[in-house]
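Subject: A structure for you to look at

Hi,

Here is the structure I promised to hand over.

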Amino acid sequence: MKHIVGIGGVTNSGKTTLTSSLLRSLPNCCVIHQDDFFKPQDQIAVGEDGFKQWDVLESLDMEAMLSTVRAWASSPHKFARAHGVSMQPDAANTHILLLEGFLLYSYNVPGRHQVPRAALPS
């Protein structure tokens with residue numbers, strides 16, 4: 001059984017700390033950090049204030065991140081081996097992917113149904 005767990009939140013909210021703890025505690029667990037998908041510095045827009053805009057969705061290569069998620073989904077065993085994750089034999093059919101990032105829930109996957117913001121609890 002495959003499970004994907006999203007861990008989102010603002011900068012310095014403890015996402016990485018929680019992710020690290022879960023990674024140590026859960027069997028056959030891999031992690032994808034959104035921070036690993038920033039575009040090259042020369043592709044980051046500069047705002048009116050003169051600073052690079054690292055905190056906007058456009059600064060991330062979300063297609064590359066989705067491709068990585070799809071690679072895990074297609075073969076969790078292969079993905080785990082490639083990322084140095086030891087498989088636990090007593091949980092051989094359990095595969096967990098932790099997705100961690102500050103804009104994790106801001107991206108609408110093309111071709112997927114989108115929940116209108118007005119329908120979400122405030």
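This is a predicted model: local features need pLDDT of at least 70, side-chain atom pairs count only at pLDDT 80 or more; totals for chains, interfaces and linings use all residues.

**What I found**

Let's start with a cysteine: Cys29 is buried, at 3% relative accessibility (buried means under 20% relative accessible area, exposed over 50%, partly exposed in between, using a 1.4 Å probe and protein chains only). Cys30 takes part in no disulfide, and the nearest cysteine sulfur, in Cys29, is 6.8 Å away. A disulfide is a covalent bond between the sulfur atoms of two cysteines. Here it is counted as a pair of cysteine sulfur atoms within 2.5 Å.

Totals for chains, interfaces and linings use all residues.**The overall picture**

pLDDT is the predictor's confidence in each residue, from 0 to 100. The chain averages 88, and 89% of the residues score at least 70.

How many helices and strands does the chain have? There are three helices and three strands. Both kinds are DSSP runs numbered from the N terminus: helices are H or I with at least four residues, strands are E with at least two. Along the sequence they follow the pattern β-α-β-α-α-β. Of the 122 residues, 25% count as buried. The chain exposes about 8,200 Å², and carbon and sulfur atoms supply 54% of that (areas come from the Shrake-Rupley method with a 1.4 Å probe; for residues, only the protein chains shown count as cover). Take the contacts (heavy atoms within 4.5 Å) between residues at least 6 apart in sequence: 70% of them join residues at least 24 apart.

**The sheet**

Strands of a sheet pair through backbone hydrogen bonds, either parallel or antiparallel. Two strands count as paired if DSSP finds at least two bridges between them. In which order do the strands of this open sheet lie? The order is S1-S3-S2, with parallel pairing. S1 and S2 stand at the edges with a single partner strand each, so one side of each has no neighbour in the sheet. On average, neighbouring strands are turned by 20° against each other, direction ignored.

If you want to trace the pairing yourself, S1 and strand S3 (residues 95–101) are joined by seven bridges in the parallel sense. Lys2 has His95 in S3 as its bridge partner, and His3 has Ile96. H1 packs on the sheet and touches S1, S2 and S3, with its direction at about 170° to that of S3. Helix H2 (residues 62–74) also packs on the sheet, touching S1, S2 and S3, and its direction makes about 170° with that of S3. For these angles, axes are lines fitted to C-alpha atoms (for helices, over the stretch in contact), and values run from 0 to 180 degrees between N-to-C directions. On the S2 side, five bridges join S2 to S3, and the two run parallel. Ile32 has Leu99 in S3 as its bridge partner.

Seven of its seven residues are buried, so S3 is largely enclosed by the rest of the structure. Both of its faces are covered: His95, Leu97, Leu99 and Gly101 are buried on one side, and Ile96, Leu98 and Glu100 on the other.

Most residues other than glycine have a negative phi. Asn12 has a positive one, about 65°, although it is not a glycine. Find Asn12 in the loop between strand S1 (2–8) and helix H1 (15–25). Asn28 also has a positive phi, near 50°, and lies in the loop between H1 and strand S2 (29–33).

Is each of them buried or exposed? Asn12 is exposed, with a relative accessible area of 78%, whereas Asn28 is buried, at 3%.

Last stop: Val85, in the loop between H3 and S3. Val85 and Asn28 are 57 residues apart along the chain, and their C-alpha atoms are separated by 7.1 Å. Setting aside neighbours within four places in sequence, Val85 is in contact with Cys29, Cys30 and Ala80.

Technical notes. Residues are numbered from 1 along each chain as its sequence is written. Side-chain values use heavy atoms; hydrogens and water are left out.
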